[in-house]
Amino acid sequence: MISTMRTPLIAANWKMYKTPTEATAFLTSFFPLVKNNTAAEIVLFPAMPCLPALVDAARGKSVFIGSQNMHWMQEGAYTGETSPTMLTAIGVTHVLIGHSERRQYFNETDTTVNLKLKSALEHDLFPIVCVGERLEERQHGRTAEVLRLQVSIALEGIDPVRLGSLVVAYEPVWAIGTGKTATPETAEEAHTMIRSEIARIAGQELAQATRILYGGSVKPENAASLCCLKDVDGALVGGASLNPQSFSEIVASASERPKR
Ligand code: PGA
């Protein structure tokens, strides 16, 4: 029986910012700010060189540490890549898969997203799979088609019983780092489409249990209005997660979300 309690998840995507020293300094300031948080799960995705220091610093605290990417193979001649076993060996628990910047600049495709999702599940890493349409796709009325395709290829060939830990992040590409946020209506509509595609592929029960985060210019000022939506289960935050104060305010906004 899958739990249908969708605890909000607030995740920080630090991209290529912060050295290990800066990352641990963030945590030192951040912990006291979220010490009363019980509403949201918190996951930080720092750059690879910061992972060991942050895993150490977060031990025993209710903050999880994830990687922004990984290869799907366990080992091999893949210069510059990091495997799932290397991540779990150092205590990393989560992985971001298919972020739009990886799709745009590093040849990530729906097919590699699928390979990485399968591998993350096999290695007991909690996956956050990112999907989202580009501006021209939205302007041409192709949002639903793009989202359905991204979700269906990501989940292809995976037994639904293995998908209990899946989290999806809806990040419209035109909203990332631009200051343009999707309106609550736009976000809710996209999340409903994604949930119905998960239901079509893996069943209604799993779809109702799957957390779908919104990402794209989330700030303390707009987090509550997005996180309170019926089909939005948290946020993936870039720019505003680099500062402990603003990220803690976004975490706090999760407590305004009605329980479901
Ligand atoms: P942003 O980035 O919050 O800076 O728009 C979000 C993301 O890329 O995950």
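A residue counts as partly exposed when its relative accessible area lies between the buried range, under 20%, and the exposed range, over 50%. The legends below concern a predicted model.

View 1. T19 belongs to the loop that lies between β1 and α1. Because its relative accessible area is 38%, T19 is partly exposed. From T19 to E108 the separation is 89 residues in sequence, and the C-alpha atoms are 25 Å apart in space. K15 is also placed in the loop between β1 and α1. The phi angle of K15 is near 50 degrees, a positive value in a residue other than glycine. Most residues other than glycine have a negative phi.

**View 2. Strand β1 and its buried side chains.** Strand β1 spans residues 9–13 and is mostly covered, with five of its five residues buried. L9, A11 and N13 point one way from the strand, whereas I10 and A12 point the other way. Residues on both sides of β1 are buried.

View 3. Strand β2 comprises residues 41–45 and runs parallel to β1, to which it is joined by five bridges. Within this pair, L9 stands opposite E41 of β2, and A11 stands opposite V43 of β2. Strand β8, residues 234–237, is likewise parallel to β1, and four bridges join the two. Here A12 faces V237 of β8 as its opposite residue. Strands of a sheet pair through backbone hydrogen bonds, in either a parallel or an antiparallel manner.

View 4. Eight strands close into a barrel, and their order is β1-β2-β3-β4-β5-β6-β7-β8, with parallel pairing. On average, neighbouring strands of this sheet are turned by 25 degrees against each other, direction ignored. Helix α1, residues 20–33, together with β1 and β2 makes a β-α-β unit that is right-handed.

**View 5. The crossing of helices α1 and α11.** Helix α11 covers residues 244–253; its axis and that of α1 come within 9 Å and cross at roughly 35 degrees. The crossing of these two helices is right-handed. On the side of α1, the contact is made by F26, S29, F30 and L33, and on the side of α11 by P244, Q245, F247, S248 and V251. Classed by residue type, the contact of α1 with α11 contains six nonpolar and three polar residues, and no charged ones. In an α-helix there are 3.6 residues a turn, so residues three or four places apart point the same way.

**View 6. The buried residues of helix α10.** Helix α10 comprises residues 220–227, in which N222, A223, A224, L226 and C227 are buried. The buried residues of α10 pack against β1, β7 (211–215) and β8, and also against helices α8 (184–202) and α11.

**View 7. D124 in the loop between α5 and β5.** D124 is placed in the loop between α5, residues 110–122, and β5, residues 126–131. The phi of D124 is positive, at about 55 degrees, although this residue is not a glycine. Because its relative accessible area is 67%, D124 is exposed.

Notes. Residues are numbered from 1 along each chain as its sequence is written. This is a predicted model: local features need pLDDT of at least 70, side-chain atom pairs count only at pLDDT 80 or more; totals for chains, interfaces and linings use all residues. Side-chain values use heavy atoms; hydrogens and water are left out. Buried means under 20% relative accessible area, exposed over 50%, partly exposed in between (1.4 Å probe, protein chains only). Two strands pair if DSSP finds at least two bridges between them. A crossover is right-handed if, with the strands pointing away from the viewer, the path from the first strand over the helix to the second runs clockwise. Axes are lines fitted to C-alpha atoms, for helices over the stretch in contact, and angles run from 0 to 180 degrees between N-to-C directions. A crossing is left-handed if the near helix is turned anticlockwise from the far one by less than a right angle, and right-handed if clockwise. Contact means heavy atoms within 4.5 Å. Ala, Val, Leu, Ile, Met, Phe, Trp, Tyr, Cys and Pro count as nonpolar, Asp, Glu, Lys and Arg as charged, and the others, Gly among them, as polar.
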